[in-house]
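Please keep the sequence and the structure in view while reading.

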Amino acid sequence: METAPLPNRRSVCPIACTLDVVGDKWTLLVLRDLFSGKMHFKEFAASEERIATNILTSRLERLLNHRLIKQVPSKVHAGRFGYRLTERGETMLPLLEAVTQWGLRHLDGTEIKALPSG
């Protein structure tokens, strides 16, 4: 018996469905920054890769919608919020580690500047 894709999914393939969540050029970098301890919008925007604020907003919304992150009250800025990984989001660490190791092994000039802490 074949499984039909859920609405808004192009197939039932787990690789395709995962890429629909984290497969663009920015989302894994936002997750990397969350694992390294960043939590505020300005911290993500200040990353070396210079993500545009409208794209950052979109990626944070996607991660919220997929329950990989949650909003939490900011301890630094009263009345504002930050972002934290959920338990579900924390399960992305092995994927980030695998991508990191692949890059270190196969892409000359790559290096680890900040290790994700899981």
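Asp33 counts as buried because its relative accessibility is 4%, where buried means under 20% relative accessible area, exposed over 50%, and partly exposed in between (1.4 Å probe, protein chains only). The model is predicted, so local features need pLDDT of at least 70 and side-chain atom pairs count only at pLDDT 80 or more, whereas totals for chains, interfaces and linings use all residues. Residues are numbered from 1 along each chain as its sequence is written, and side-chain values use heavy atoms, with hydrogens and water left out.

Asp33 belongs to helix 2; helices (H or I, at least four residues) and strands (E, at least two) are DSSP runs, numbered from the N terminus. Apart from neighbours within four places in sequence, Asp33 is in contact with Lys38, Phe44 and Ser47, contact meaning heavy atoms within 4.5 Å.

The buried residues in question are Leu56, Arg59, Leu60 and Leu63. They lie on the same side of helix 4 because they cover an arc of only 100° around the axis, the arc being that of the directions from the helix axis to the C-beta atoms. The face turned away from this buried side carries the exposed residues Asn54 and Asn65. Just after helix 4, Arg67 takes a positive phi of about 60°.

Helix 6 has 14 residues and reaches 20 Å from its first C-alpha to its last, close to the 20 Å expected at 1.5 Å a residue; the expected span is 1.5 Å times one less than the number of residues. Its buried residues are Leu93, Leu96 and Gly103. Their arc of only 95° around the axis puts them on the same side of helix 6. Among the elements covering them are helix 2 and helix 5 (87–90), while Pro94, Trp102 and Arg105 are exposed on the face turned away from the buried side.

The largest pocket holds about 760 Å³ of space. A pocket is an open set of points on a 1 Å grid over the protein atoms alone, where a 1.4 Å probe fits, with protein on both sides within 12 Å along at least five of seven lines; lining residues have an atom within 4 Å of a point. The lining comprises 27 residues, of which Leu29, Arg32, Glu49, Thr100 and Glu111 lie nearest the centre. Helix 6 gives the most to this lining, with 6 residues.

Key
Grid points are joined across faces, edges and corners, and a volume is the space filled by probe spheres set on the points.
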